[in-house]
Structure formats: C-alpha cells, structure tokens
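User: Could you walk me through this model with a few questions and answers?

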Amino acid sequence: MWNFVDEKNNWLQLILALLMSWTLAGCMITVQLLDEGSESAPSLEPSLPTPSRLKATQVVGQPDFNTNLQALHGFGIGDPTYLSQVVIGNKLVVADSQGHRILIYNQIPSSNGAPADRVIGQVAPSSLIVASTSAYTLNEPRGLATDGTKLVVADTKNHRVLIYNSLPTDNFAKADVVIGQTNFTTNTSASPPTASTLYHPSAVAIHDGKLYICDTSNHRILVFNTIPTTNGASASFVLGQTSFTTKIANSAGSPDANLNAPEGISASDNIIYVSDTGNHRVLIWLNPITANAQAANHVLGQPNFNGTSPNAGGGSTPSSSSARSPRHSFIQNNSLFLADPGNNRVLIWSPLPITSNIAANYVIGQTAMTSAAANQGSTPTSRTLNLPRSLFATSTHLFIGDDSNFRSMMYTLPITAHNVAANHTVGQPDFTSNLSANTGTILNGNSFYWPRDSKVVGNKLFVADYLNNRVLIYNTVPLNQEQPNIVVGQASMATRSAANPPSAISLNKPNSVASDGNILVIADFNNSRVLIYDPIPTVDGAAASVVLGQATMTTRNLNFGGPSASSIGNPYHVELCGGKLIITDYYNHRVMIYNSIPSTNNAPADVILGQPNTASISSGMSPARMKNPYASLCINNGEKLAISDAFNHRVLIWNTFPSVTGQPADIVLGQINFYNNAANSDTNGIGGVVSARSLNIPRGLAMTSSGKFIVLDGGNSRILVYNKLPTENLQAADLVIGQPDFTSNTPNKNGLDNESIGKPIHLSTSGNNLWVTDDLNNRILKFEIPSQ
C-alpha cells in the first residue's frame with residue numbers, strides 16, 4: 001500500500017525540511033506548519049525515554065527462538081515470486097526467491113521431493129528471513145546464470161548482482177564480487193541510474209565471456225563485455241535506454257529499441273533474446289551489442305514492433321505466436337525455451353527463431369496453443385503449470401520453475417509434442433501437491449504459515465493461521481510444542497485449501513479471532529465476512545452459527561448488496577467487549593460496532609466510525625475519518641476505544657466509547673495533529689524520523705492488566721509500550737520491544753532470536769503477558785511486560 005503525495009506537497013516538505021535543519025549565527029531556526037484550526041503541537045520533553053531490551057520467554061509455531069520454519073520444512077521451496085534454476089556439472093541450483101536463499105542439490109534429483117544439500121543466503125536451512133545486507137545474505141534472488149564455473153545471482157530486492165567465483169560447497173557461503181553496489185553492505189537504488197547501479201535486477205545471462213543483466217525497474221539491459229572481477233563495475237553498453245542515466249519505459253527512441261520492465265534474457269552465437277515483459281514480446285538481436293539503445297532485428301509475441309498488447313491483442317486467449325508477460329528464456333540444442341506465465345505455459349521454438357512473428361512449435365503446461373488456464377483449470381499434475389516464470393536446460397533435461405505450484409519440474413529433452421509430462425518434481429512429494437516449503441513432511445497443527453492473530457482467553461489459545469486457511473484452538477496454552485486440539489476452517493490438521501464457493505465450515509485467509517470464553521468470532525478476510533461460532537467448536541471442521549457481511553454462508557461478495565451498515569469489505573480485526581462486537585472493516589476505511597452479538601445473518605452494525613454515514617466507504621484524514629484501519633481496542637470494558645488507523649500512520653483514541661456514527665476521536669498518537677498523516681512524522685509533521693513518538697503503519701493494540709497501553713508499530717518492526725493510556729497528542733512511548741532503541745526499525749535487526757521481531761501483525765494480552773504474532777518469522781512470541 002503506497003501513500004502518494006502530490007508534487008506541490010513534496011516541494012513544500014523539502015523546503016520545510018531544509019528550513020528545519022538550517023543553522024544561522026549559532027541559532028537553530030525551527031519551522032512548524034500547522035493546519036488552520038488544528039491543535040498545537042505538544043511541547044518537547046527534555047529527553048526521550050531510555051529503552052530497555054525485553055526478551056520473549058516463549059515461542060509457539062517454531063521449535064526455538066532461532067528457527068523460522070515456513071509452514072512445513074526448511075529444505076523445501078517456499079512461496080516463490082520467481083523460482084530460477086541452473087545446472088553446473090551435475091548439480092542443480094535453485095533460487096528460492098521468497099525463502100531469500102539459493103538451494104544446491106549435489107546431484108540432479110532422480111526422484112520426487114528430494115531435499116537440497118546446501119543453502120546459500122540463510123544462516124541455516126530452516127531460516128527464511130531477510131537478514132542485514134552482506135556478502136552472505138540474499139533478498140528475493142530471482143535470476144541465476146553460470147559459465148560452467150562461476151555462479152551469478154540476481155539479488156533482486158538488494159538491487160545488486162552477486163558473483164560466486166565457484167559453486168559454493170558450504171552453507172551460508174560468501175559471494176566474491178558485487179555489481180550494482182560499491183560494497184556488500186549497501187542496497188540502494190540510484191536515481192538517476194548510472195552504468196554501475198541497478199534497480200530490481202531480475203535475470204542474468206552469460207555468453208562468450210559477456211555478462212547481461214535485466215535491470216528491470218530501470219527498463220534496461222546492461223551489457224558487460226567481460227564478467228566483472230571487482231565490486232561496483234560499470235557496464236559497457238545499455239539497451240532500452242539512450243544513456244546510462246535514463247530509466248523511463250519505452251524511451252529508447254523507436255519501437256524496435258524500447259524496453260518495458262524486461263525480465264528475461266538468453267544469448268547464444270551472438271543471438272540475444274530479451275523478454276520485454278511489459279510489452280508482452282521477445283526482442284531478438286542478431287548482431288553483437290556495440291552501441292547504447294541498439295535496435296533489435298526481430299520480434300516474437302507481436303505481429304510487429306509497434307504491438308505491445310497481451311497475446312498480440314487477443315487478451316486472455318493466446319496463440320502459438322503470442323505471449324502474455326513473458327519472463328525467463330533459455331537456449332539449448334538449437335531451441336529457444338520461453339516461460340510465458342501469463343498463459344501458464346512454456347513455449348518451445350525449434351530451431352531457433354531468427355525472424356519476426358514465428359509461431360512456436362510446442363507448448364508445455366497446456367493441451368493446445370489456445371489454452372491458458374492455470375493447472376489446465378484443475379489441480380496440479382505432471383502435465384500442468386501455474387505461473388511458470390523461469391527455466392533452464394541442459395542437453396538432456398529442461399527445468400521449469402513452476403512458481404505458484406511451489407515446485408521445479410524436470411522434463412527429458414527433446415520435446416516433440418504438446419503437453420508432455422514431467423519426469424520428476426523438486427519441492428513437492430508428488431505431482432499433485434503444491435504446499436509451500438514442503439519436502440514431504442505432512443502439514444500438522446504446529447506448522448504455521450503467516451499466522452495473523454492469536455488470542456489467549458482463559459486457558460485457551462486461538463491462532464489465525466492465515467495462509468493455511470484455518471484457525472487453531474489449543475485447550476491449554478502450549479509450553480512444549482504441544483499440538484492444537486481443534487482446527488476450524490478445515491476438516492483436519494492435514495489440509496489447508498480454501499473452498500470456493502465458501503461454506504459454513506470453510507475459511508479463506510482468516511485474519512483475526514476473538515472469544516469471550518463462550519463464543520468464537522473469526523474475521524474471514526478473503527471471503528469478506530465475519531463468522532460467529534456459538535459455542536466455541538469442540539470438533540474439527542465445525543460449522544459457523546452466524547455470518548455477517550453476507551446473506552448466506554455460500555456467498556463471498558465484497559460489500560454484499562452495496563455499502564451499508566451490514567456490508568463488509570475485508571474484515572481485518574474482530575473484538576468482543578462487554579457484550580459488544582467490533583469489526584475493523586479495512587477495505588471500507590471504517591470500524592463497525594454492534595451493541596450486542598448478532599444472532600441473525602447479515603445483521604447491520606449500530607455505529608460506524610471513520611465514515612459520515614453507513615453508505616460512505618472513502619478514505620479520509622480528520623478526527624472522524626480513517627484510511628485502512630487495522631485493529632480496535634476496547635478499554636475498561638467499554639469505557640474508551642482506540643483504533644489503529646494504519647495508513648494515516650496514527651492511533652486514534654476516544655475518551656468516551658462512541659455511541660453515534662461518525663463520532664470524532666479525542667486524541668491522536670503518531671501525528672502532531674489530526675490533519676497530518678506522514679509515516680514516522682515525530683514532531684516535524686513531515687515524516688521520516690523514527691522515534692519514541694512516531695508510527696509507521698500501526699497494526700495492533702492491547703492493554704495489560706496493570707494498565708500499560710501497547711501499540712504494534714508494524715512498518716517499524718517494533719512494539720511500543722506506554723506506561724499508561726496516553727492523554728496527549730503525539731505522546732512518547734516508554735519502552736520499545738523488537739528494536740535495540742527508539743530510532744531503529746530494521747526487521748530482525750540483530751538476527752533471529754528472542755529479542756527480534758520480523759514483521760509483527762497482531763498482538764494481544766493475557767494479564768501482563770503480551771502475545772505477538774510475528775508473521776515474517778512464522779511464530780508467536782510471548783513477552784512478560786513489567787507491571788511497574
């Protein structure tokens with residue numbers, strides 16, 4: 001979610017920032033801009049509170065504080081945006097982008113579900129974190145290339161390419177050379193770019209001693225006439241741009257030289273194929289690159305160089321000569337292999353196409369050239385594909401990164417027919433499974449996949465296991481990796497599918513849970529509904545009693561029947577308080593309050609906050625408006641209310657519990673007044689200052705039994721603790737959890753341990769115990785908050 005500010009405001013903020021830091025004749029000039037009629041900014045305290053490090057005392061969902069098993073097992077394939085692979089000798093190398101790592105198999109697997117032998121980019125096979133940038137770490141690696149000895153990795157989110165002079169033989173190996181950065185510890189993207197910078201490089205290729213890099217977000221290809229041996233090397237030539245300092249899509253001066261987010265490249269015998277992804281085509285160069293913005297000779301996927309529409313204007317219907325967002329390509333055995341993920345297929349030209357608009361000879365993943373459905377409209381098999389974005393070939397085998405099936409598929413070459421079956425799959429135990437991070441271990445109750453909320457009520461622990469489409473119930477809080485007792489949303493602990501259409505027993509990405517010890521309430525986020533179970537389920541797969549936001553249990557319409565007091569967009573959080581039900585309606589920028597627990601389907605709310613009426617669903621910034629609120633906190637059993645107004649980067653507090661629609665808040669945290677909404681604004685009102693007062697996408701709220709007020713500051717990867725409920729705007733917190741100080745905001749700043757937090761999503765309290773759902777690290781942490 002991005003918060004865009006118009007150009008005028010950007011200039012105003014820049015001028016203010018300069019004025020605020022201008023020192024003249026030994027005096028600091030401070031400028032503060034207040035909206036007309038807005039509140040005065042709070043006075044500055046002499047010094048900020050001194051934070052103390054608080055360690056978690058318990059972890060649920062992981063065997064220890066230093067492990068991050070995503071859903072199942074760490075040697076499997078995670079949840080890839082790209083799944084690139086190469087073969088060096090007889091070794092298979094796979095880029096597991098969302099695992100932020102490279103997997104190395106010492107032999108090309110000859111059976112399904114084989115585990116990797118080495119892991120690069122993570123300190124341990126079970127770790128899947130984004131660690132501090134170094135020569136050892138990776139952040140969404142998307143492309144691989146080799147010359148038979150060196151391994152080259154497109155470390156996409158670190159805006160760099162890493163070179164290993166030989167294939168690593170140890171886990172957590174160190175890279176030898178970095179391109180795109182001057183050293184191994186920086187990960188910036190320069191604007192304007194230069195000949196030595198990168199912005200989201202997604203693919204790499206090596207041919208005839210030259211290195212080619214798809215510098216995707218700069219809409220260009222960088223050509224290095226020799227493979228660099230020193231850090232920060234400059235490219236020899238650029239394609240797609242007229243110079244090294246421009247980066248606008250389709251700005252090379254002519255259609256045959258333009259590029260728009262290229263994400264694939266291959267080369268052989270001075271022939272270069274570039275997947276011009278945003279233009280839905282492949283450009284062909286038949287001559288060596290000797291000049292910037294050199295024009296291509298031919299085009300595939302479009303009838304001519306002027307065409308840029310998906311499937312050559314055919315929309316969702318492909319042909320043998322069209323493409324939809326083509327990605328990686330590879331040349332082998334005088335054939336061109338192209339990943340065409342928008343059509344859920346791989347195309348093969350044999351022999352190599354060297355003129356424009358040639359039809360492909362064969363298709364993998366579909367029964368015909370005119371078919372495009374993921375998994376051929378059904379479930380995975382040995383013949384289907386789901387968003388294949390990368391591929392690699394040896395003289396005898398083709399490897400396809402079948403991204404949304406979380407697997408790498410291996411085929412025997414040559415391919416001489418449509419819709420051939422793969423021989424083996426890596427990352428899954430068989431051809432019909434598509435579990436993330438799975439190497440054959442069966443899904444069970446203690447393996448979370450993006451847990452989004454947890455609540456302790458009495459002795460019970462409830463966990464919203466978001467991407468496993470279920471809620472887990474522990475009859476007693478686990479102390480030693482005990483299994484949950486009940487699963488809601490699934491028939492058993494071993495399943496994770498989301499039914500479509502939904503039913504009274506299904507869930508689709510449950511985001512929040514609430515209970516008063518008698519009933520269970522679940523925010524069924526992707527089904528745009530809230531389910532009420534009365535009583536709390538005691539068997540697996542129990543049916544809900546009441547649905548809110550939909551007329552029946554089998555519909556899942558966003559704002560069913562149109563925006564109203566009974567419609568729901570995407571419910572992000574639910575809370576029970578003194579007989580009331582509070583629903584945070586994220587999509588509709590509002591909070592819904594039911595004065596009693598509904599007993600009928602699609603019941604209307606009694607009070608709406610964040611909107612002037614029940615039919616309004618627009619975002620806003622004032623004491624009475626909101627922008628994507630995340631969570632509510634009912635205080636003192638309904639005496640007061642707090643809301644995390646996430647994308648206004650603030651927390652709103654009502655000193656009396658709201659009783660009418662559109663009631664304005666009384667206090668704001670994270671902003672100098674109700675009319676500012678910059679992230680990390682502190683006392684400057686501009687933003688960009690992480691402090692004890694600032695907030696960046698606050699998500700969760702809680703209060704301990706001793707009266708401490710707690711804010712989950714999601715964008716800053718931390719928890720802020722206030723010794724009591726704040727009574728002033730922009731009040732400073734007294735304690736920070738998850739960071740070493742109030743000015744830090746790096747996820748897992750000092751590594752994965754009992755002091756770190758990756759991506760906190762929800763929190764709750766039981767007494768003075770704080771439970772934090774750490775989404776990035778796939779775990780729930782317990783902190784014991786001091787009562788004094």
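User: What is the mean pLDDT of the protein?

Analyst: This is a predicted model, and 87% of its residues reach a pLDDT of 70 or more. Over residues 1–51 the pLDDT is below 50, although this stretch has 65 contacts in the model beyond near neighbours in sequence. Where pLDDT is low, the predicted coordinates should not be read in detail. For the protein, the mean pLDDT is 86.

User: How many residues does the largest nonpolar core have?

Analyst: Elements that give two or more residues to this core include β4 (83–88), β5 (91–96) and β10 (160–164). Val93, Ile102, Leu144, Leu151 and Tyr164 have the most contacts inside the core. The number of residues in the core is 30.

User: Which side chain of opposite charge is nearest to Asp682?

Analyst: Asp682 lies in the loop between β43 (667–669) and β44 (698–703), and is buried. The side chain of Asp682 makes a polar contact of 2.3 Å with that of Ser691. A salt bridge needs a nitrogen-to-oxygen distance within 4 Å, and Asp682 has none. At 4.6 Å, the nearest side chain of opposite charge is Arg693.

User: How far apart in space are Gly401 and Asn386?

Analyst: The two residues, Gly401 and Asn386, are 15 residues apart in sequence. From C-alpha to C-alpha, the distance between Gly401 and Asn386 is 9.5 Å.

Terms used:
Residues numbered from 1 in each chain as written. Predicted model: local features only at pLDDT ≥ 70, side-chain atom pairs only at ≥ 80, totals over all residues. Heavy atoms only, no water. pLDDT = per-residue confidence, 0-100. Contact = heavy atoms within 4.5 Å. Core = buried A, V, L, I, M, F, W, Y, C linked by side-chain atoms within 4.5 Å. Buried < 20%, exposed > 50% of the residue type's maximum accessible area, 1.4 Å probe, protein only. Helix = DSSP H or I, 4+ residues; strand = E, 2+ residues; numbered from the N terminus. Lys, Arg positive; Asp, Glu negative; His and termini not counted. Polar contact = N/O pair within 3.5 Å; in protein donor to acceptor, adjacent residues only side chain to side chain.
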